[in-house]
Amino acid sequence: MFKRLDVIIIVAIMALALSSLAVSAVVRNMGSDKAAYAEIYIDGELERAVSLDEEADFTVEAGGGYNRVVVEDGSVRIADADCGAKVCVHCGRQSIPGSMIACLPHRLVIKVTGDSEKEEESVDAIAY
Ligand SMILES: [Zn+2]
């Protein structure tokens, strides 16, 4: 009788431990996803910051020209620009905190930022 009760308690504790692990993993992922932003700098000044959770499509005036910025699927990219070589357009999508898109002729920089936890996580992901 006591033995069966012990087994039930052990199973219950294990189930609790497993489910709380699963819940904390899900919560951590949700938290880090919400932390990512695209910061748009013109001439070194922060022009605007856009959450990568949102969809956005807008044009930024910079350096006598324009850059069309598109935010979708948790990433940011420059979809179009009237700078010479369009290096910024060819940078493609960026979504990892710490990565950047630069348009040198327009002195425009887009920086992907996250909280420190997300940056640590992405460093770990690269390390392994
Ligand atoms: Zn450019």
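The structure is a predicted model, in which local features need pLDDT of at least 70 and side-chain atom pairs count only at pLDDT 80 or more, while totals for chains, interfaces and linings use all residues. Residues are numbered from 1 along each chain as its sequence is written.

**The four-stranded sheet**

Begin by selecting strands S2, S1, S7 and S6, which in that order form an open sheet of 4 strands with antiparallel pairing. Strands are DSSP runs (E, at least two residues), numbered from the N terminus, and two strands pair if DSSP finds at least two bridges between them. Strand S2 (45-51) and S6 stand at the edges with a single partner strand each, so one side of each is left without a neighbour in the sheet. From one strand to the next, the twist averages 15 degrees; axes are lines fitted to C-alpha atoms, and angles run from 0 to 180 degrees between N-to-C directions.

Next, select strand S1 (residues 37-42) together with strand S7 (residues 108-113): the two run antiparallel and are joined by 6 bridges. Ile40 stands opposite Ile110 in S7, and Ile42 has Leu108 as its bridge partner in S7.

Cys103 stands opposite Leu108 in S7. The hairpin of S6 and S7 has 4 residues between the strands, and Arg107 takes a positive phi near 50 degrees there.

**The three-stranded sheet**

Select S3, S4 and S5, which form an open sheet of 3 strands in the order S3-S4-S5, again with antiparallel pairing. S3 and S5 are the edge strands, each pairing on one side only. Neighbouring strands of this sheet are turned by 25 degrees against each other on average, direction ignored. S4 and S5 run antiparallel and are joined by 6 bridges; at Glu72, the residue standing opposite is Ser75 in S5.

Centre the view on Val69. Leaving aside neighbours within four places in sequence, Val69 is in contact (C-beta atoms, placed from the backbone, within 7 Å) with Ile40, Phe58, Val60, Val76, Ile78 and Ile110.

Select Ile101 in strand S6. Is Ile101 buried or exposed? Ile101 is buried, because 24 other C-beta atoms lie within 10 Å; a residue is buried with 20 or more such atoms, exposed with 12 or fewer, and partly exposed in between, C-beta atoms being placed from the backbone. Beyond its neighbours within four places in sequence, Ile101 is in contact with Ile78, Cys88, Cys91, Gln94 and Ile110.

Finally, select Gly63, in the loop between S3 and S4. Gly63 is partly exposed, with 18 other C-beta atoms within 10 Å. Leaving aside neighbours within four places in sequence, Gly63 is in contact with Pro105, His106, Arg107 and Leu108. The C-alpha atoms of Gly63 and Leu104 are separated by 9.2 Å, although the two residues are 41 residues apart along the chain.

Note on methods:
Contact = placed C-beta atoms within 7 Å.
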